[in-house]
Amino acid sequence: MSEQDNVHRETAVPIPILLQRLRQTYPDAHCELHYHSPIQLLTATILSAQCTDERVNGVTPALFARFPRAEDLAAANRDELEKIIRPTGFYRQKARYIQETAHTILQQHGGEVPAEMSDLVQLPGVARKTANVVLGEIYQRAEGITVDTHVKRLSARLGLTDSEDPVKVELDLMAIVPRESWIEISHLFIFHGRRLCKARRPECAVCPLNDVCPAPENQTPRQSSSTMGNER
Ligand code: SF4
């Protein structure tokens, strides 16, 4: 993927305003998965596919108490592992990914979760979304932007992309968001998506972006871009 962080374009909602308002609303936006080590975050992120963080956090205390390290996950009894993670859905496939990833990390990366995007996306069950979470959270490296269901939905509603494909959404965001905000914007969008800009009934009446958001769901009168430009 080419680096596009210096190629900014006009958007319906100027990115600085969007960031400023969401920062004010969610000053504590952060990754909500619980973990105590890089392999635990990687495992929790694999479990979070098609599942809420809340539900993942419901199974990981037992999972990490029983299998805390990559060695333990790799050697785990598959049936026992599946039973613990079952509430997260797709548990057979996820158990296989977790164990194959743990094996690969032990055999090819000296037991350390890799710090390179190119290595991370080679791990079973790890695509750019998971890799971006790990790079941003563990290594504070902004190689891309985490695009989950909330980031995808908000990006569309706010007119930042016209694509449904997460990789294209990520590219669109990378082209308009300054690189220093790549990690932060995912946290902000995910917080906003969970709390106000929900999939079914977004709470536009109390949303801090309701005067600028072009989404059809938003019936609040909007400001002109020149008025927005004066905001500090
Ligand atoms: S105004 Fe409504 S649709 Fe737009 S960001 Fe806010 S909650 Fe979402």
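The model is a predicted one, in which local features need pLDDT of at least 70, side-chain atom pairs count only at pLDDT 80 or more, and totals for chains, interfaces and linings use all residues. Residues are numbered from 1 along each chain as its sequence is written. The protein chain is divided into domain 1 (1-29 + 145-232) and domain 2 (38-138), with bounds that come from an automatic or database domain assignment.

**How the two domains meet**

- The centres of domain 1 and domain 2, taken over C-alpha atoms, are separated by 29 Å.
- Eight residues of domain 1 are in contact with five residues of domain 2; two residues are in contact if their C-beta atoms, placed from the backbone, lie within 7 Å.
- On the side of domain 1 that touches domain 2, helix α10 (residues 166-176) gives the most, with three residues. Helices (H or I, at least four residues) and strands (E, at least two) are DSSP runs, numbered from the N terminus.
- That side of domain 1 has five nonpolar residues, one polar residue and two charged residues. In this grouping, Ala, Val, Leu, Ile, Met, Phe, Trp, Tyr, Cys and Pro count as nonpolar, Asp, Glu, Lys and Arg as charged, and the others, Gly among them, as polar.

**The nonpolar cores**

- A nonpolar core is a set of buried Ala, Val, Leu, Ile, Met, Phe, Trp, Tyr and Cys residues joined through C-beta atoms within 7 Å. A residue is buried if 20 or more other C-beta atoms lie within 10 Å of its own, exposed if 12 or fewer, and partly exposed in between, with C-beta atoms placed from the backbone.
- In soluble globular proteins, nonpolar side chains tend to be buried together.
- The largest nonpolar core here has 29 residues, and Ile98, Ala102 and Val134 touch the most other members.
- Two or more residues of this core come from each of α2 (38-47), α3 (53-66), α4 (70-75), α5 (78-85), α6 (91-108) and α8 (128-138). The largest share, six residues, is from α2.
- Leaving out residues up to four places away in sequence, Val134 touches Pro38, Leu41, Leu42, Thr45, Val113 and Leu120.
- There is also a second, separate core of 27 residues, and among its members are Val13, Val147, Met174 and Ile183.

- An α-helix has 3.6 residues a turn, so residues three or four places apart point the same way.
- In α5, the buried residues are Leu81, Ile84 and Ile85. They line one face of the helix, because they fall within an arc of 85° when seen down the axis of α5. The arc is that of the directions from the helix axis to the C-beta atoms.
- The cover over the buried residues of α5 includes α2, α3 and α6.
- Helix α1 (residues 15-25) has Ile17, Leu18, Arg21 and Leu22 as its buried residues. Their arc down the axis of α1 is within 120°, so they too line one face of the helix.

**Around the ligand**

- The ligand has 14 residues around it, and Cys197, Pro202, Cys204, Cys207 and Cys213 come nearest. A residue is near a molecule or strand if its C-beta atom, placed from the backbone, lies within 6 Å of it.
- By class, this shell holds nine nonpolar, two polar and three charged residues.
- Cys207 lies in the loop between α11 (182-195) and α12 (225-229), and is buried, with 21 other C-beta atoms within 10 Å.
- Cys207 and Cys197 are ten residues apart along the chain, and their C-alpha atoms are separated by 7.7 Å.
- Apart from neighbours within four places in sequence, Cys207 is in contact with Leu196, Cys197 and Cys213.

- Phe90 is in the loop between α5 and α6, and has a positive phi of about 45° although it is not a glycine. Phe90 is partly exposed, with 15 other C-beta atoms within 10 Å.
- Gln140, in the loop between α8 and α9 (149-157), is not a glycine but has a positive phi of about 50°. Gln140 is exposed, with 8 other C-beta atoms within 10 Å.
- Ser155 lies in helix α9 and counts as buried, with 23 C-beta neighbours inside 10 Å.
- Setting aside neighbours within four places in sequence, Ser155 is in contact with Leu160, Thr161, Val169 and Leu173.
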